Amino acid sequence: MTPAGQQHPSQHAPELRAVARHIGRRRFLTVTGAAAALAFAVDLPAAGTASAAELDAARITENPFTLGVASGDPLPGSVLLWTRLAPAPYQPDSGLPAERVTVHWELAHDDRFRRIVRRGTATAHPEYHHAVHVEVGGLAPDRVFFYRFKAGGWTSETGRTRTAPAPGARVSALALAAVSCQAYHDGYFTAYRHLAEEDVDVVFHLGDYLYEYAVSSVGGARNYTDRTLPDLFNHETLTLEDYRLRYALYKSDPDLRAAHAAHPFAVTWDDHETENNYADDIDENDGPPEEFLLRRAAAYRAYWENQPLRRAQLPVGPDAQLYRRLRWGRLAQFDILDTRQYRSDQAYGDGSHVPGPESDDPARTITGATQERWLIDGWRDSRALWNVVPQQVTFAQRKLDLNPVAKVSMDAWDGYRASRQRILAGAARSTGTENLMVLTGDVHVGYAFDLLDDFDDPSSAVLGTEIVATSITSGKDGADRPANWATYTQANPHLKFYNGRRGYVTVELGREAARADFRTVSAVTTPGAPVTTAASFVTEVGDQGLKQA
């Protein structure tokens, strides 16, 4: 799963260490916070772990599994299991002392755990906020398993996961789901409850799992009448404690917990897990990079602690290698990208603008040079029928108006056209990649695009397709046809579908075709909305281009 032995160079740890020694109480960090950031740079837990006292789990008097269970990044012989102990999830210490806890885990063939495959123990370290990441190896490929955790007298809910098929296996089909953008304060996670009932093999989360914005005592648009959220959520996340608490709020949601328990996830971040529209070490407001790197270190650390990620993705300071590759036999290769951590700053600000010399500078990049080479080299070596790229922001050209020279988003690949052209050239000419599919989030709507060799020539060759998953909640209820629907569909002939409701997308990859179903819910500001299929499209092997099913 790690990127073929090629590691992205860490460039920030020395700078982080230097600023952490001197920042004191500047801006948003306390001296304690700066010391914690300094510790990130040397990769905790370290010396303190061995000397930390051990808590007798029998002394835990409240259910510690309030944040549920999860699994992620299925490999042919391995699964990654996750949980975090939090008897009091809305407290900074989660209701536990700064002591390590022994957690037992079990993996079985059946959900009643009569046929145990593996069992063992793991340590929940206080340095990792009592998160547990268990990499279980030596498993048979292409198998479904059930898992659970135990601590003291408490047993977690049961999760369901699976291993990927063996390398080279001739797999006939794979069902996946793609999700993104789940602002807690914009509504209920109803779509996740429906996703938990879908028959899919893996879920790709394409970013904005968490939002840094304040959540009011009534949960924003959820408008709770049966509970009052603590005031500690009612401010923007800045420190490690802030981010950890915000994950606790999100992951305590029963619908999100249900989806994680039902399916393995492969996650990648976008901007809001740290801060809106950041680019590498540049924050939204162009503040001092050294201060933003401290915030980024806190955000990245909390992300790893709260996601089903392997040790290879553990951050060092403000750096973490999140891009990675998963394979599903000979059927599919998934190249999961990170388009935030290494990108050039957005041209002409973060909004919409006509393309110009600044945005079209060939030196600009949205992936960084190392990740770009890794992607194209991976296509060159791919033996898969489908080459799928789960990533964050809209890849296809998306004109925002009908002017002769239209504005485009400077935050999307339209703001990095030279970078996009290198990727498309790498797919079409350098590697001969066929059956290319890009999975995207970010924009809070569902799109279906054909990826053209020349987006300004509707008759040019179709190199692949892009399926954009709408948001789980972000943007509140939305509409089937947003106000700009007619403009966008007219300005972009390669745009085959546009819907503004909340939901997710499922994709079935087969040996002859792929089918995408856009699943939407009618409302998220009230709970319990039903799910429907807004539209379905197919693209055929060897004949790329979306056709309505």
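Predicted model: local features only at pLDDT ≥ 70, side-chain atom pairs only at ≥ 80, totals over all residues.
The structure holds two cavities of 30 Å³ or more, and α8 and α9 each supply at least two residues to the lining of the largest one.

**Helices α5 and α7**

- On the α5 side, the contact is made by L240, Y243, R244 and Y247.
- On the α7 side, the contact residues are R295, A298, A299, R301, A302, Y303 and E305.
- Sorted by class, the contact of α5 with α7 has seven nonpolar and four charged residues, and no polar ones.

**Helices α8 and α9**

- α8 passes α9 in a right-handed crossing.
- From α8, the residues E372, L375, I376, W379 and R380 take part in the contact.
- From α9, the contact involves S419, R422, I423, G426, A427 and S430.
- The contact of α8 with α9 has five nonpolar, three polar and three charged residues.

**The largest cavity**

- The largest cavity holds about 50 Å³ of space.
- Its lining consists of L337, L375, W379, V389, Q391, F395, W413, I423, L424, L436 and V438.
- At least two lining residues come from each of α8 (369-381), α9 (417-430) and β18 (436-440).
- L375, W379 and I423 belong to this lining, and they also belong to the contact of α8 with α9.
- By class, the lining of the largest cavity has ten nonpolar residues, one polar residue and no charged residues.

**The second largest cavity**

- About 40 Å³ of space lies in the second largest cavity.
- The residues lining the second largest cavity are G446, T470, F497, N499, R501, Y504, F518, R519 and T520.
- Strands β22 (495-510) and β23 (513-521) each supply at least two residues of the lining of this cavity.
- β22 gives the most to the lining of the second largest cavity, with four residues.
- The lining of the second largest cavity divides into three nonpolar, four polar and two charged residues.

Conventions:
Residues numbered from 1 in each chain as written. Heavy atoms only, no water. Contact = heavy atoms within 4.5 Å. Nonpolar A, V, L, I, M, F, W, Y, C, P; charged D, E, K, R; others polar. 1 Å grid on protein atoms, 1.4 Å probe; cavity = no way out; pocket = protein on both sides within 12 Å on 5 of 7 lines; lining within 4 Å. Points joined across faces, edges and corners; volume = space filled by probe spheres on them. Left-handed = near helix turned anticlockwise from the far one by under 90°.
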